[in-house]
Amino acid sequence: MVDLGSNSVRLVVFEGRGRNPLAIFNEKAVLGLGRGLQTTGMLNEEAVPQALTVMSRYHAVARAMGVDRLEVLATAAVRDAENGPAFAASLGERLPDVPIHILDGEEEARYSAEGVLMGFPSADGILGDLGGGSLELVELNQGKVGRMVSLPLGAIRLADRAGGDVAKARGIAEAELANQPWLSEGKERDLYLVGGAWRALAKIHIAQTAYPLSIVHHYVLRRDEARDLCGLVMAATRRTLERIPGAPSKRLQDLPFAAVALRRLLRATGARRVVFSANGLREGWYSRLLPAAVREEDPLLAAGREMAARYGRDTTMPQALVDWTAPLWQQESPAAIALRQAACWLSDIGSHDHPDYRAEQSFLRVLRQPGIGLDHHDRAFLALAVALRYEPEPEAGWLTCARMLLDSAAMRQAEMLGAVLRLAYTLSGGTTALLGRTSLHISGTTLTLRLAGGGVFAGDSVQRRVETLAAMLGLVGVVDPG
């Protein structure tokens, strides 16, 4: 699909129709189609021919890639400009077989909300999607879409309305948001942020703080951190912004106004923290192509299953592991159960890698996977558990990222999970037939591994791993040969 926005035009090609959208091609052109619209009422005359050329290229790329469904979603600039319909007609002549939808404000907000909910199924708070021409605001109540509005506060439009004056922009944004009193219901809840300019702010913060994971999706800032970041960017000159690590050169002139919109939105909502989402309108469009049953899947578990199918050996083994490991965690929260299940699905994704690099490859594959339902804690936890299943060197430098993102309790749980998975694969060779002839039991202060013969035996490595696992649990490890 093509997202034809006020600032940029982007082609995204998704592969398949799984629960987690997988973008295999993503190209953006920053054209500023809506720059000057506030003053002239027209699309940027310099950008129009460029946009037509870019769209012709995107059409050629999509057809060459064999895309089975190509659509154009045009947002604020095209819908608000006097020459928007004429531009759309010219575009239709160049792309005669491609549907072109000019979204109204509510449609844009709903698409964005559906995209965010793909990655945050239980999102609760206020969603803000900042484009170049408009700011869409949506109330989210435990994963349900509530009130919504589209305001003329996009980064480009706000700058135009304020004549490039950041101080004046503050007053404009505050006045617009004051007309939406329902925003105050976001107090002490989350503020979900979508849009390239806001993602740019997240990248700046990641670079400034040397955060160990350079992934914006699910990146979280406390309210005070977000306010301080906005204050820094609002006060910075262009030259200062150019020197800030992580600041994208093509968005420098818009960043102060994106910061104004965010800071005023924080004030209007009273949100306790901001959560950045890489998902938005495009993923909302994608979600509408999915069967309801797929849309309703847990994105965390779906990501595990997808990776197991792509990299593992036997897709029946993960569920067997889920059942086999259950006796060790008899009082799990739903979130802990989901993480254990996901780890079982991911546990064999290094099977086809070089033996010397299986642990590291698996770690990085999980940590950096495209799954949209994983927050940074989940990524680090699962990456560590899966890596430890392959028994890496304890002081391997690449493990540092996980250790920085996890607290001591989560580290201990990941280490226990890695140890039990390592034991399971040592016993079974990764086969359900052999794993089914073994079981784990806890009684009093003893952890017992029971064997039923038939090719399963307890050599030194099995005995050692049982004892290691038992020690982690504060128990004595015993092997019952059956």
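Is Cys 344 buried or exposed? I looked up Cys 344 and found it buried, with a relative accessible area of 0%; buried means under 20% relative accessible area, exposed over 50%, and partly exposed in between, using a 1.4 Å probe and protein chains only.

**Entry 1. Basis of the notes**

I record that this is a predicted model, in which local features need pLDDT of at least 70 and side-chain atom pairs count only at pLDDT 80 or more, while totals for chains, interfaces and linings use all residues. Residues are numbered from 1 along each chain as its sequence is written, and side-chain values use heavy atoms, with hydrogens and water left out.

**Entry 2. Cysteines**

I also looked up Cys 401, which counts as buried at 11% relative accessibility. I then searched for disulfides, a disulfide being a pair of cysteine sulfur atoms within 2.5 Å. The count by this rule is 0.

Two strands pair if DSSP finds at least two bridges between them.

I traced an open sheet of 6 strands with mixed pairing, in the order S8-S7-S6-S9-S11-S10. Strand S8 (144–151) and strand S10 (220–222) stand at the edges with a single partner strand each, so one side of each has no neighbour in the sheet. From one strand to the next, the twist averages 20°.

Within this sheet I examined strand S9 (residues 190–194) and strand S11 (residues 273–276), which run parallel and are joined by 4 bridges. Tyr 192 stands opposite Val 275 in S11.

Helix H8 (residues 196–209) does so, touching strand S6 (125–130), strand S7 (135–141), S9, S10 and S11, and its direction makes about 105° with that of S6. Helix H11 (residues 255–269) also packs on the sheet; it touches S6, S7, S9 and S11, and its direction makes about 155° with that of S9. For such angles, axes are lines fitted to C-alpha atoms, for helices over the stretch in contact, and the angles run from 0 to 180 degrees between N-to-C directions.

**Entry 3. The sheet of 3 strands**

I found an open sheet of 3 strands in the order S12-S13-S14, again with mixed pairing. Its edge strands are S12 (438–443) and S14 (476–480), each pairing on one side only. The average twist from one strand to the next is 20°.

S12 and strand S13 (residues 446–451) run antiparallel and are joined by 6 bridges. They form a hairpin with 2 residues between the strands, and Gly 444 in the turn has a positive phi of about 60°. In this pairing I noted Ile 442 opposite Leu 447 and His 441 opposite Thr 448.

S13 pairs with S14 in the parallel sense, over 5 bridges. Here Leu 449 stands opposite Val 479 in S14.

I followed helix H22 (residues 460–472), which lies across S13 and S14 and runs at about 145° to S14. Helix H20 (residues 408–428) packs with H22 at an angle of about 160°, their axes being 10 Å apart. H20 and H22 are therefore roughly antiparallel; the classes are under 35 degrees for roughly parallel, over 145 for roughly antiparallel, 65 to 115 for roughly perpendicular and oblique for the rest. Residues in the contact include Met 416, Ala 419, Val 420 and Leu 423 of H20, and Val 462, Val 466 and Leu 469 of H22.

I then listed the buried residues of helix H15 (residues 317–325): Met 317, Pro 318, Leu 321, Val 322, Trp 324 and Thr 325. Their cover includes helix H16 (334–346), H20, helix H21 (432–435), S12 and S13.

**Entry 4. Two single residues**

I located Val 61 in helix H2 (residues 47–64); at 14% relative accessibility, Val 61 counts as buried. Leaving aside residues up to four places away in sequence, Val 61 touches Leu 11 and Phe 25. The C-alpha atoms of Val 61 and Glu 82 are separated by 30 Å, the two residues being 21 apart along the chain.

Ser 8 lies in strand S2 (residues 8–14) and counts as buried at 15% relative accessibility. With the same exclusion of residues up to four places away in sequence, Ser 8 touches Asp 3, Lys 28, Ala 29, Val 30, Leu 31 and Arg 251.

How values were computed
Contact means heavy atoms within 4.5 Å.
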